[in-house]
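Thanks for coming, everyone. I'll keep this brief. Please have a look at the structure on the screen.

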Amino acid sequence: QVQLVESGGGLVQPGGSLRLSCAASGSIFNINSMGWYRQVPGKQRELVATITIGSGGSTNYADSVKGRFTISRDTARSTVYLQMNSLEPEDTAVYFCHVGWSDRYRSRDYWGQGTQVTVSS
């Protein structure tokens, strides 16, 4: 089992910045990737950004956030961050931390409880 604790959401004006954090605990040895997804009411959850935990830490971003958001990791603390700059009202959503986990027998997805990000003047 992997437990995830998210923090950093809130209300920000357009053009502002926020940083989300997600700390993983439990069976963290087999975590392959960490990332962030977001969801607004009535729509499907969508990928925001992911980062692999292995050497290199390759990243993947949704086109809508490229150049504005940066995902990073602190492997020693099993924590992933999402720095969000130049926020737009369209970024308003509940942001969920995601962990991809696997061993030789199975793979699993773990999700955080979600943190609200509201971009409004």
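First, a working rule. Two rings of Phe, Tyr or Trp count as a pair if their centres lie within 6.5 Å, and planes over 60 degrees apart make the pair edge-to-face. Keep in mind that this is a predicted model.

The partners are Tyr-37 and Trp-111. Their ring centres are 5.1 Å apart and their planes meet at 75°, so this is an edge-to-face pair.

Now burial. Tyr-37 is buried, at 19% relative accessible area. Buried means under 20%. Trp-111 is partly exposed, at 37%.

Trp-111 has another neighbour. Arg-45 lies over the face of Trp-111, 4.6 Å from the ring centre. The charged end of Arg-45 also sits over the ring of Phe-96, at 3.7 Å from the centre of that ring.

Back to strand 4, for Arg-38. Is Arg-38 buried or exposed? Buried, with a relative accessibility of 6%. What does its side chain hold on to? The Arg-38 side chain makes a polar contact with the side chain of Asp-91, at 3.0 Å. It makes another with the side chain of Tyr-95, at 2.9 Å. Leaving out residues up to four places away in sequence, Arg-38 touches a list of residues including Gln-44, Glu-46, Val-48 and Phe-69. Arg-45 is on that list too.

Key: Residues are numbered from 1 along each chain as its sequence is written. This is a predicted model: local features need pLDDT of at least 70, side-chain atom pairs count only at pLDDT 80 or more; totals for chains, interfaces and linings use all residues. Side-chain values use heavy atoms; hydrogens and water are left out. Rings of Phe, Tyr and Trp (its six-membered ring) pair if their centres lie within 6.5 Å; planes under 30 degrees apart count as stacked, over 60 as edge-to-face and the rest as tilted. Buried means under 20% relative accessible area, exposed over 50%, partly exposed in between (1.4 Å probe, protein chains only). A charge sits over a ring if NZ of Lys or CZ of Arg is within 6 Å of the ring centre and within 35 degrees of the ring normal. Helices (H or I, at least four residues) and strands (E, at least two) are DSSP runs, numbered from the N terminus. A polar contact is a pair of N or O atoms within 3.5 Å; within protein, one must be able to donate a hydrogen and the other to accept it, and residues adjacent in sequence count only if both atoms are side-chain atoms. Contact means heavy atoms within 4.5 Å.
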